[in-house]
Amino acid sequence: MRRAVCPGSFDPVTNGHLDIVGRASRLFDEVIIGVLINQSKTGLFTIEERLEMLREATAEYGNVRVASFHGLLVDFCRSQGAAVVVKGLRAVSDFDYELQMAQMNIGLSGVETLFMPTNPLYSFLSSSLVKDVVKWGGDASAYLPDNVLDRLVGRLKQN
Ligand code: ADP
């Protein structure tokens, strides 16, 4: 079975992430979304909340699973039986860092990284930017799935 991992923080998942996951799901038998547990960075949403929003937002895909991991991405890939990492590239600015990681990962364990160009509709989109937009009352409905928009509005109202 050909499996791919789409890794990231997903705090929260945006339509940019979903575009990449959806396209990857048509190329692979199974796609595993790996939510990185980063102990040195507290997010707006807990890991459980991020997983839940991802599960809801990807429910329509029959071959997408969601899991969390900490430590090395290549170890997570091995544990999932995935030989490929799929990453979206938004702009040249993403490329430098992504290239370093891809080269390190293939050196560490032979895991391949495939880069997918972002849908131009989402090339400027990031989780942090949508959080700012919603925080200041802007309309982010074009950039987030409905379940995430509702939660984000609710969460930022509390803060
Ligand atoms: P990180 O925690 O790596 O900063 P995110 O959780 O925001 O990243 O995103 C995870 C991955 O999803 C990114 O490394 C990138 O490959 C992809 N991604 C994020 N936003 C977009 C977007 N707007 N369009 C395409 N791909 C994206």
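Trainee: With which residue does D75 form a salt bridge, and how far apart are the closest N and O atoms?

Mentor: D75 forms a salt bridge with R78, and the closest N and O atoms of the two are 3.2 Å apart; the term stands for a side-chain nitrogen of Lys or Arg within 4 Å of a carboxyl oxygen of Asp or Glu. Before going on, please keep in mind that this is a predicted model, in which local features need pLDDT of at least 70 and side-chain atom pairs count only at pLDDT 80 or more, while totals for chains, interfaces and linings use all residues. Residues are numbered from 1 along each chain as its sequence is written, and side-chain values use heavy atoms, with hydrogens and water left out.

Both D75 and R78 belong to helix α3 (residues 73-80), where they sit 3 residues apart, about one turn of the helix; helices here are DSSP runs of H or I with at least four residues, strands are runs of E with at least two, and both are numbered from the N terminus. D75 counts as partly exposed because its relative accessibility is 38%, whereas R78, at 54%, counts as exposed; buried means under 20% relative accessible area, exposed over 50%, and partly exposed in between, with a 1.4 Å probe and protein chains only.

Other pairs reach across the sequence. K131 and D11 meet through their side chains in a salt bridge of 3.0 Å, N to O, and this pair links distant parts of the chain, with K131 in helix α5 (residues 127-135) and D11 in the loop between β1 and α1, 120 residues apart. Both K131 and D11 are buried.

R2 and D29 likewise form a salt bridge between their side chains, at 3.9 Å from N to O. Here R2 lies in the segment before β1 (3-8) and D29 in the loop between α1 (15-27) and β2 (30-36), so that 27 residues separate them. D29 has 37% relative accessibility and therefore counts as partly exposed.

For the setting of these pairs, the count of salt bridges comes to 12, and the protein chain has 6 helices and 5 strands. Of its 159 residues, 45% count as buried. Among contacts (heavy atoms within 4.5 Å) between residues at least 6 apart in sequence, 74% join residues at least 24 apart.
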